[in-house]
Amino acid sequence: MPPRRRGSSGFRGVRARPNGRFYAEMCAGGFRLTLGTYNTPELEARAYDAAAWRFRRPRRDMNFPDVESLEEAEFLAPTPCLVDDKDRRHHRQVQRRIAIPEHNEELMRQWRVQFPNDVDNTDAFFADLRAHRRSNWRHRRAVAEFELDNTTWADNDPRWDDIWTETTSDDE
């Protein structure tokens, strides 16, 4: 029988994920076993070899034939990532948090398509609100400047600080 093909990672049983990480899997006893996900194909190949030693696979199925024993393979292999109920619950919570904004964006897109006049009205409303705030700020500033011109306060009067605070904007 010809030797098995090695994947694009260059190692037996190791495959690349779309996000750039690597995972390994092997079939044993009619079951497909996922051995974990790691950042490099070498780490994943070490995990594959440790599992192959545990299942008493022939050495020709190993990625690193120079490893002499199960103990050495387990020593060189990365620690497995065990997934428990807490991890699954956290993953579900993260997925829900991601799904909510995606769903909201889809609903907003549909709303914009169905009601383009509302979108125009919303833009006009916020433009009017900004103009009103600008004119209100200008009016307060004009009143403060008028009071400054007609005031008899001393130079160290704390009311000067209040007027300066009320009439200063973030634009300056």
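**A guided reading of the predicted model**

Helix α1 is mostly covered, since 10 of its 14 residues are buried. The structure described here is a predicted model. The buried positions of α1 are P41, E44, A45, A47, Y48, D49, A50, A51, A52 and W53. From its first C-alpha to its last, the helix reaches 20 Å, which is close to the 20 Å expected at 1.5 Å a residue for its 14 residues.

The strands may be considered next. An open sheet is formed by 3 strands in the order β1-β2-β3, with antiparallel pairing. Its edge strands are β1 and β3, each of which pairs on one side only. From one strand to the next, the twist averages 30°. In general, the strands of a sheet pair through backbone hydrogen bonds, in either a parallel or an antiparallel manner.

The two pairings in this sheet can be followed in turn. Strands β1 and β2 run antiparallel and are joined by 3 bridges; within this pairing, R15 has Y23 of β2 as its bridge partner. Strand β2 (residues 22–28) is joined to strand β3 (residues 31–38) by 7 bridges, and these strands also run antiparallel. On the β3 side, Y23 has T37 as its bridge partner.

Most residues other than glycine have a negative phi. R56 is found in the loop between α1 and α2, and it counts as exposed because its relative accessibility is 76%, above the 50% cut-off.

The loop between α1 (41–54) and α2 (70–76) also holds N63. Is N63 buried or exposed? With a relative accessible area of 8%, N63 is buried, because this value falls under the 20% limit. A polar atom of the N63 side chain lies 2.5 Å from the backbone nitrogen of R12.

Aromatic residues provide another view of the model, which contains 2 aromatic pairs. In one of them, the ring centres of F11 and F64 are 5.7 Å apart and the planes stand at 45°, so the pair is tilted. This pair links distant parts of the chain: F11 belongs to the segment before β1 (14–16), F64 to the loop between α1 and α2, and the two are 53 residues apart. Both members are buried, F11 at 13% relative accessibility and F64 at 17%. The other pair is formed by F125 and F126 and is edge-to-face, at 5.1 Å centre to centre and 75° between the planes. Here F126 is partly exposed, with a relative accessible area of 40%.

F64 also has a charged neighbour. R46 lies over the face of F64, at 3.8 Å from the ring centre. The ring of F64 is therefore paired with F11 in a tilted arrangement and has R46 over its face.

Notes
Residues numbered from 1 in each chain as written. Predicted model: local features only at pLDDT ≥ 70, side-chain atom pairs only at ≥ 80, totals over all residues. Heavy atoms only, no water. Helix = DSSP H or I, 4+ residues; strand = E, 2+ residues; numbered from the N terminus. Buried < 20%, exposed > 50% of the residue type's maximum accessible area, 1.4 Å probe, protein only. Polar contact = N/O pair within 3.5 Å; in protein donor to acceptor, adjacent residues only side chain to side chain. Pairing = 2+ DSSP bridges. Phe/Tyr/Trp six-rings, centres within 6.5 Å; stacked < 30°, edge-to-face > 60°. Lys NZ or Arg CZ within 6 Å of the ring centre and 35° of its normal. Axes fitted to C-alpha atoms, helices over the stretch in contact; angles between N-to-C directions. Expected span 1.5 Å × (residues − 1).
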